[in-house]
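Biologist: Can you walk me through this one? I'd like quick answers, please.

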Amino acid sequence: MTLTPMLTRQWAEEQSWTLDTYTSGGGYRALTKALKKEPGDLVKIVKESGLRGRGGAGFPSGVKWGFLPEDDGGPRYLVVNADESEPGTCKDIPLMMASPHVLVEGVAISAYAIGARHAFIYVRGEVVHVYRRLLNAVKEAYAAGHLGRDIHGSGWDLELTVHAGAGAYICGEETALLDSLEGRRGQPRLKPPFPAVAGLYSRPTIVNNVETIASVPAIVDNGADWFSSMGTEKSAGVGIYSLSGHVAQPGQYEAPLGITLRELLEHAGGMREGSQLKFWTPGGSSTPMFTAEHLDTPLDFEAVGAAGSMLGTRALQIFDESTCVVRAVTRWTEFYKHESCGKCTPCREGTFWMTQILQRLEAGTGTTEDIDRLVEVCESIGGRSFCALGDGATSPIVSSIDLFRDEYEEHVRLGTCPYERDASVLFDLPEQEGAQV
Amino acid sequence: MSFPADVAERLGKDAEAIISRYPDKRSALLPMLHLMQSEEGYVSPDGIAFCAEHLDLTPAEVSAVATFYTQYKRRPHGEYQVGVCINTLCAVMGGDRIWEDVSEHLGIGHDQTTADGKVSLERLECNAACDYAPVMMVNWEFFDNMTPDKARQLVDDLRAGKDVRPTRGADKVEPFVKISRVLAGFEDGRAGEGVGAGPASQAGVSRVAGDSTARSDKGGDR
Ligand SMILES: Cc1cc2nc3c(=O)[nH]c(=O)nc-3n(C[C@H](O)[C@H](O)[C@H](O)COP(=O)(O)O)c2cc1C
Ligand code: SF4
């Protein structure tokens with residue numbers, strides 16, 4: 001399968017982030033087209049395109065928009081989830097840095113489609129230059145009449161606020177995000193009611209990922225059939241695949257859904273020199289890990305699910321045989337412990353216990369019973385937590401014990417970690433530099 | 001409320017501007033807390049009281065929010081906040097080694113500040129730049145593809161008062177208080193500086209264009 005730049009199309013251009021660059025590539029043409037249609041027709045186009053949420057869960061976007069209740073004359077909102085914090089995920093941040101206008105245009109079209117007159121982009125606070133680019137793009141768009149009053153002479157108004165968060169992974173969960181946007185601690189809400197019914201300020205609200213909303217202009221411009229002709233039947237269109245780790249050229253590779261890691265690696269120049277693939281995540285740290293056995297698994301929602309994992313955010317973190325899997329999993333688990341919002345007991349206590357046990361195992365002071373205990377703790381968190389963070393925390397542990405139990409046992413047997421940490425780093429260390437000169 | 005009158009008046013105007021962005025006043029709290037950090041370098045009891053007063057909240061309510069988010073500092077903070085990503089991908093690619101080196105070099109640990117008040121060190125979770133691992137952040141600007149040598153040089157330059165240039169970001173890293181003002185939603189005119197995407201972000205599209213130059217001439221490789 002070949003690479004198919006849609007959202008990444010202009011990323012390599014000079015001043016890629018400006019309105020001029022965007023307009024010269026056909027930008028805001030789709031908005032003009034959209035404003036000539038009925039909002040309901042746009043929802044239909046998005047439904048027919050087969051676009052599914054790009055934020056992890058893959059829910060059909062047009063269907064979600066269809067859940068909004070009838071207009072009761074009160075406000076409704078569009079909120080773009082730009083919190084991107086799932087370990088390994090690194091597509092939305094470069095998109096907003098390089099091509100913020102494709103998101104702004106997507107917001108304008110989507111807000112019109114769902115009848116929202118105020119939209120928000122909630123961007124994580126730890127990326128100041130991305131926030132600058134968004135503020136600037138919004139300012140440019142207001143000045144050019146793509147936002148604000150009587151957009152493109154249509155009589156329709158839209159206000160867009162870009163809001164910076166303040167550091168909390170859980171605010172990526174859509175209901176925690178809404179609480180955070182309301183000025184509260186970011187903790188998940190009980191669902192139902194879903195945001196479409198009672199979201200921001202308890203009003204009907206659509207929350208979508210950056211990449212989802214940014215895909216809307218191309219769909220409106222080129223048609224639903226064009227989009228659904230790419231990808232697979234149930235996983236339509238293109239998506240950005242983020243390759244990181246021990247590969248020759250890490251980066252963002254936009255391709256039809258269903259491309260395989262083997263194909264992606266061809267585009268990325270293969271593994272780093274002389275190294276062999278050991279394990280990888282198909283969709284971020286919260287998705288069960290894969291090995292070289294899965295090189296030919298089509299990376300679409302169905303095939304990855306059938307292979308026992310999740311497509312997630314297409315965040316392919318790739319590790320070669322120099323990497324200790326126990327170390328990798330321990331660190332992810334420390335992350336979940338740090339980011340657990342504390343609202344429910346299984347996740348709050350469970351991530352604490354899992355961290356303690358894993359730290360022992362990594363250091364070589366654990367026992368084989370510890371390995372079984374880990375699996376037990378995971379069983380009492382998975383499916384029993386208030387939100388998906390708890391489930392996600394168990395994925396790397398359960399999958400790695402499944403695939404690499406012998407490596408856990410080796411730590412116990414040897415009383416230490418058998419891996420040399422410096423072998424996995426991407427830079428030359430002083431001794432090696434000397435040897436090479 | 002114990003900001004001096006002129007400061008309170010100036011911040012009051014900023015607060016009004018922030019509040020006007022939202023249908024509901026309370027939504028202004030997160031940017032207001034960033035604004036407090038832009039004044040004092042951290043969220044002080046005065047800052048808490050100021051937010052409470054302007055948003056009709058109690059100080060306890062504001063405090064509960066401020067302590068939830070890692071970007072809000074509760075103690076005076078260095079001029080430059082230096083973060084090393086130690087989440088799994090970066091850690092394995094060399095982030096752990098960089099952390100150990102920089103921490104030893106500066107003689108401080110996580111959430112500590114050098115005696116000269118220049119640098120506060122922090123262990124960071126994933127900052128959405130995995131294709132540039134190992135990653136560091138200075139005042140929330142990207143420093144990509146780091147090495148222990150580059151990291152030591154970076155903190156030395158910061159302490160010596162030299163300008164440092166992020167890999168993907170503004171032409172130079174501004175002090176923490178200035179960055180905090182941007183995060184409160186006040187533009188600093190630097191959006192046009194720096195690269196668009198950077199070499200790894202555009203790896204796929206450059207490959208399609210068969211254009212290898214676009215990958216290297218964007219100043220991404222430090
Ligand atoms: C712990 C957690 C973190 C999440 N982080 C993000 C995120 O950073 N960005 C995102 O778009 N979705 C994130 N999600 C998924 C959102 O809850 C939600 O499903 C998504 O924003 C919906 O948009 P989509 O349908 O366009 O994918 C997260 C979910 C969980 C449970
Ligand atoms: S699962 Fe974890 S993050 Fe989610 S509500 Fe429970 S404690 Fe909070």
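Biologist: What area is buried between chain B and chain A?
Modeller: About 6300 Å². Carbon and sulfur atoms give 58% of that area. Keep in mind that this is a predicted model.

Biologist: How many residues does each chain bring to the contact?
Modeller: Chain B brings 79 residues and chain A brings 87.

Biologist: Switching to the fold. How many helices and strands does chain B have?
Modeller: Nine helices and five strands. Along the sequence the pattern reads α-α-α-α-β-α-β-β-β-β-α-α-α-α.

Biologist: Why call chain B as compact as a globular protein of its length?
Modeller: Because its radius of gyration is 19 Å, close to the 17 Å that the globule rule gives for 222 residues. The C-alpha trace of chain B spans about 55 × 40 × 30 Å along its principal axes.

Biologist: And what share of the residues in chain B is buried?
Modeller: 64% of the 222.

Biologist: Last topic, charges. How far apart are the mean positions of the positive and negative charges in chain B?
Modeller: 3 Å. Chain B has 25 positive and 35 negative charges.

Note on methods. Residues are numbered from 1 along each chain as its sequence is written. Chains are lettered from A and ligands numbered from 1 in the order in which they are written. This is a predicted model: local features need pLDDT of at least 70, side-chain atom pairs count only at pLDDT 80 or more; totals for chains, interfaces and linings use all residues. Side-chain values use heavy atoms; hydrogens and water are left out. Helices (H or I, at least four residues) and strands (E, at least two) are DSSP runs, numbered from the N terminus. The radius of gyration is taken over C-alpha atoms; the globule rule is 2.2 Å times the number of residues to the power 0.38. Buried means under 20% relative accessible area, exposed over 50%, partly exposed in between (1.4 Å probe, protein chains only). Lys and Arg count as positive and Asp and Glu as negative; His and the chain ends are not counted. The place of a charge is taken as NZ of Lys, CZ of Arg, CG of Asp or CD of Glu. Contact means heavy atoms within 4.5 Å. Buried area is the accessible area (1.4 Å probe) that two parts lose on being put together, summed over both.
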